[in-house]
Amino acid sequence: MFKIALLPGDGIGVEVTNSAVQVIKSVAELFNLEFQFKECLIGGCSYDAFGTPLTDETIQCCYESDAVVLGAVGGYKWESLPQNLKPEAALLKLRKSLGLYTNIRPAKIYKPLIDSSSLKKDVLSNVDFVVLRELTSGIYFGEPRGLNTEHGFNTMIYHRDEVIRIAKQAFKIARERNNKVTSVDKANVLEVSQFWRNIVHEVHQEFKDVALNDLYVDNAAMQIVHNPKQFDVILTSNLFGDILSDIAAMITGSLGMLPSASLGDKYALYEPVHGSAPDIAGQNKANPLAAISSVGMMFSYSFKMKNVGDLIDAAIEKTLDDGYRTADIISDGGMLVSTNKMTELVINNLKDIYKK
Ligand code: NAD
């Protein structure tokens, strides 16, 4: 039995998490699995109920789970709160509490959506890679840091253990995919990057069956839009990953399609990349596919059931191929459907594909 902590959060987070749960329940039926869900508050709704966007109870609920499924947090109502009480503060605290040092974002195009990307079709076909971004260290956390009237400064620092653990994760993930890691740094200019590169190569000695190459970050940015097919697993630091994962996101074309996973040694959290979309919240308009696809990642990474992850992906692709679209991805000839309808269609396809 798998225990799942459900943190729907605010706005469309609630709607898309509901879709995600329905998909998990369908998988449970098909594969004879048992899931126990525990739902907790996070973000603005938690502030309203308890005066804080993240309670110890919610963190505890995550500690007791095999995986955390998060929706999104935030909304107009809470915008003027002090920084530490804002819904978004909960995300940073939660990631830290769970030790989620690796963020994974896939860059994959569903064939039926190939025209909605800003890149050319022949550049995009068969692109399928993931960006592994170090999430809890590097320049975003390094000390000393400061700002005064004469200068501003930050510290980009990586410790040996921090690079070792994410490099190991990258090589292990590559083994489940196409066996290739591209480590991205700026070793020609930054000592911290030379250190990163040295350690990645050291760790590689344990994973010699996986191909490894290095790229400077400026070249990597160019290559992602020039020839994205060359990549399988991109491994990089917090700052570079922040930028490269957004460039890679443009491959899929839409925010409503982007899933993510955040992994640590003990815990894992799955969430769509998008926010709570207060402009469409509560209207049954949100695209649930990013949340559903995040659940696919959960099966692949946390439960080691890549077959289920692939099945969920295939069901999404079939639904899009049949022409169904939520408002954010609609184009000429597409059939506009609601959040609930899209979810139902994906589940029907999931069952059909499974039976075949
Ligand atoms: P957003 O991602 O919520 O929305 C940006 C635009 O994309 C909006 O027009 C929205 O309607 C649309 N959109 C987003 N997801 C969609 C989906 N699944 N289906 C259809 N359309 C979708 O970003 P924002 O407007 O900058 O932020 C809104 C709130 O969400 C803010 O409070 C922000 O801080 C928060 N936020 C939270 C997270 C998170 O929880 N991880 C991430 C980003 C932003």
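## Charged side chains

Lys and Arg are counted here as positive and Asp and Glu as negative, with His and the chain ends left out of the count, and each charge is placed at NZ of Lys, CZ of Arg, CG of Asp or CD of Glu. On that basis the protein carries 36 positive and 43 negative side chains, the centres of the two sets lying 4 Å apart.

## Basis of the model

This is a predicted model in which local features need pLDDT of at least 70 and side-chain atom pairs count only at pLDDT 80 or more, whereas totals for chains, interfaces and linings use all residues. Residues are numbered from 1 along each chain as its sequence is written, and side-chain values use heavy atoms, with hydrogens and water left out.

## Overall fold

The protein contains twelve helices and 14 strands, taken as DSSP runs (helices H or I, at least four residues; strands E, at least two) and numbered from the N terminus. Its radius of gyration is 20 Å, close to the 21 Å given by the globule rule for 356 residues, so the protein is as compact as a globular protein of that length; the radius is taken over C-alpha atoms, and the rule is 2.2 Å times the number of residues to the power 0.38.

## Burial and cysteines

Of the 356 residues, 53% are buried, where buried means under 20% relative accessible area, exposed over 50%, and partly exposed in between (1.4 Å probe, protein chains only).

With a disulfide defined as a pair of cysteine sulfur atoms within 2.5 Å, the count comes to zero. C62 is in no disulfide, the nearest cysteine sulfur, that of C61, being 5.4 Å away; C62 counts as buried at 0% relative accessibility.
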